[in-house]
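Please have the sequence and the coordinates open while I talk.

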Amino acid sequence: MIYPKLINIKKTNIAISILLLISIVVAIVSIVINELCTKEFKWSLIVVISILYIWVTTMYSIRKDVNIASHVLLQTICISILVYLIDVIIGYKKWSLELAFPIIIGTSNITIFVLTIVSHKRFFRYALYQLAIFVISLIPVVLYFTGVTKYFLPMTICSGIAVLTLINTIFLCGKDLKQELERQFHI
């Protein structure tokens, strides 16, 4: 029987340090080039924000015993913030709120749905994260009805997917979900 190799912590820490140094150099070089060549458009901010996003994702992924649903929730939040910041940097055309955000949320809900189907007997571990994503899924509805966004279809699709995944959660593990909520919030 072949066993997986143990990770050498010292080599891993050295690799992380080297990659961190490279990231810092790339960020500084992009800022310098941006200032020297194209001061009117701050594209280097997109590079810096993307590097930070990659590091948050990488460090969170490296952690052992990470719940997949918590990773989906973190990615939903981080990617949403990233695309919003990119939209602001390039002139704020609202594409991040009107199109990207509903797509990100819809994808997150579909991912949770697939996790439910694949491991429905252990789904109660994902339930609180799914509820958090459902609450985030209500943001496009609020944005639409407050007039911040104007496209009805992306908001409708996003909300529909969110409602279907919530119904799926209640159907597959309503009892477990109730017990988990009582345990977490001392109800």
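Let me begin with a term: a residue is called buried when its relative accessible area is under 20%, exposed when that value is over 50%, and partly exposed in between, with a 1.4 Å probe and protein chains only. By that criterion, 35% of the 187 residues of the protein count as buried.

Two remarks on provenance belong here. This is a predicted model, in which local features need pLDDT of at least 70 and side-chain atom pairs count only at pLDDT 80 or more, while totals for chains, interfaces and linings use all residues. Residues are numbered from 1 along each chain as its sequence is written, and side-chain values use heavy atoms, with hydrogens and water left out.

Now the fold. Helices (DSSP runs of H or I, at least four residues) and strands (runs of E, at least two) are numbered from the N terminus, and on that basis the protein has seven helices and zero strands, which read along the sequence as α-α-α-α-α-α-α. Contact means heavy atoms within 4.5 Å, and among contacts between residues at least 6 apart in sequence, 63% join residues at least 24 apart.

What makes up the largest nonpolar core? A nonpolar core is a set of buried Ala, Val, Leu, Ile, Met, Phe, Trp, Tyr and Cys residues joined through side-chain atoms within 4.5 Å, and the largest one here has eleven residues, namely Ala69, Val72, Leu73, Phe101, Ile105, Ile112, Leu115, Tyr126, Ile133, Ile136 and Cys158. Helices α3 (68-89), α4 (95-118) and α5 (124-137) each supply at least two residues of this core, and α4 gives the most, with four.

Ser23 lies in helix α1 (residues 9-37) and counts as buried because its relative accessibility is 16%; leaving aside neighbours within four places in sequence, Ser23 is in contact with Ile51 and Trp55. Val47, in helix α2 (residues 44-62), is partly exposed at 24% relative accessibility, and with the neighbours within four places again left aside, Val47 is in contact with Val26 and Ser30. Val47 and Ile28, which are 19 residues apart in sequence, are 9.9 Å apart in space, C-alpha to C-alpha.

How many salt bridges does a search of the whole structure find? With a salt bridge defined as a side-chain nitrogen of Lys or Arg within 4 Å of a carboxyl oxygen of Asp or Glu, the search finds one. The side chains of Glu35 and Lys42 meet in a salt bridge at 2.5 Å, N to O, and both partners are partly exposed, Glu35 with a relative accessible area of 32% and Lys42 with 31%.

On the surface, Ile77, Ile81, Tyr84, Leu85, Val88, Tyr92 and Val148 form a nonpolar patch with about 530 Å² of accessible area together. Patches are made of residues with over 30% relative accessible area and no salt bridge, where like charges are joined within 9 Å and nonpolar side chains (Val, Leu, Ile, Met, Phe, Trp, Tyr) within 5 Å; accessible areas come from the Shrake-Rupley method with a 1.4 Å probe, and for residues only the protein chains shown count as cover.

Finally, the rings. Rings of Phe, Tyr and Trp (its six-membered ring) pair if their centres lie within 6.5 Å, and planes under 30 degrees apart count as stacked, over 60 as edge-to-face and the rest as tilted; the whole structure holds three such aromatic pairs. Tyr84 and Tyr92 form an edge-to-face pair, 5.9 Å centre to centre with 75° between the planes. Tyr144 and Phe145 are also edge-to-face, at 5.2 Å and 80°, and here Tyr144 is partly exposed at 23% relative accessibility, whereas Phe145 is exposed at 61%. Ring pairs link Tyr144, Phe145 and Phe152 into a cluster.
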